[in-house]
Amino acid sequence: MLTLGVLGSGKGSNLGAILAAMDAGGLPGVRVGVVVSDVAHAGILGLAAARGLPAHHLPPGRFKTKLEPGVEQHLAALLRAHGVNLVVLAGFMRLVKEPLLTAFPRRIVNIHPSLLPAFPGLRAWEQALAAGVREAGCTVHLVDAGVDTGEILGQARVPIEPGDTPEALHARIQAAEHRLYPGVIAGFAALTKDG
Ligand code: GRF
């Protein structure tokens, strides 16, 4: 069984896509063990609660871009307590550090709204528009100590249309994310034996 621990800070549309894929029978052997957010009233927590999934707000501590080490230690223990064997970052707006990286080696994945290695960091769709490229997309990658630098597991491409606004491009990328992420998770499930 592949047990997901889903971390997010926002509306949770990627969690919604994963749950929809599960409902449609597209992710056999996959369950969501727990959903955690650093934002108290994030949509992702409401979505989890509405589905009867364990949903936790984790006060992040005094930093803006990462969790305090003690908080991250607590998070690793929480994920373990829910049997998590794949940590899924779905719009989690904090960098993952130690001790979480070591607690889940090669078992933390992230989705990023660009064709990495192009446009790491924040608001990648705006970076793509500003650069004048003709194609954008999204990437699922393993999380390492860098910012959007880990091994690439899957990508999906979308066109940039003439006159695209940031909002229109972001929506097109998000629709691609919602197809890509469940597919990559299915790949992990195929590697994960029962027991
Ligand atoms: C996604 O666009 C993803 O690329 C980025 O954060 C966003 C999360 O959206 N990392 P949602 O909360 O899953 O709707």
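This is a predicted model: local features need pLDDT of at least 70, side-chain atom pairs count only at pLDDT 80 or more; totals for chains, interfaces and linings use all residues.
Where is R123 found? R123 sits in the loop between strand 5 and helix 5.

Strand 5 covers residues 108-112, and helix 5 covers residues 124-131. R123 has a positive phi of about 45°, yet R123 is not a glycine. Most residues other than glycine have a negative phi, and most peptide bonds are trans. P117 also has its place in the loop between strand 5 and helix 5. The bond that joins L116 and P117 is cis, with omega about 10°.

**Another cis bond**

A cis peptide bond also runs from E98 to P99. Its omega is near 10°. P99 belongs to the loop between strand 4 (86-89) and helix 4 (100-103).

**The ligand and its surroundings**

| Residue | Residue atom | Ligand atom | Distance |
|---|---|---|---|
| I111 | backbone N or O | nitrogen | 3.1 Å |
| Q174 | side-chain N or O | oxygen | 2.8 Å |
| E177 | side-chain N or O | oxygen | 2.4 Å |

Taken alone, the ligand exposes 370 Å². The protein buries 87% of that area.

**Two helices side by side**

Helix 1 spans residues 13-23, and helix 2 spans residues 43-50. Their axes come within 9 Å. They cross at roughly 25°. Angles under 35 degrees count as roughly parallel, so helix 1 is roughly parallel to helix 2.

Which residues make the contact? Helix 1 brings L15, G16 and L19. Helix 2 brings I44, L47 and A48. By class, this contact has five nonpolar residues and one polar residue. No charged residues take part.

Note on methods:
Residues are numbered from 1 along each chain as its sequence is written. Side-chain values use heavy atoms; hydrogens and water are left out. Axes are lines fitted to C-alpha atoms, for helices over the stretch in contact, and angles run from 0 to 180 degrees between N-to-C directions. Helices (H or I, at least four residues) and strands (E, at least two) are DSSP runs, numbered from the N terminus. Angles under 35 degrees count as roughly parallel, over 145 as roughly antiparallel, 65 to 115 as roughly perpendicular and the rest as oblique. Contact means heavy atoms within 4.5 Å. Ala, Val, Leu, Ile, Met, Phe, Trp, Tyr, Cys and Pro count as nonpolar, Asp, Glu, Lys and Arg as charged, and the others, Gly among them, as polar. A polar contact is a pair of N or O atoms within 3.5 Å; within protein, one must be able to donate a hydrogen and the other to accept it, and residues adjacent in sequence count only if both atoms are side-chain atoms. Accessible areas come from the Shrake-Rupley method with a 1.4 Å probe; for residues, only the protein chains shown count as cover.
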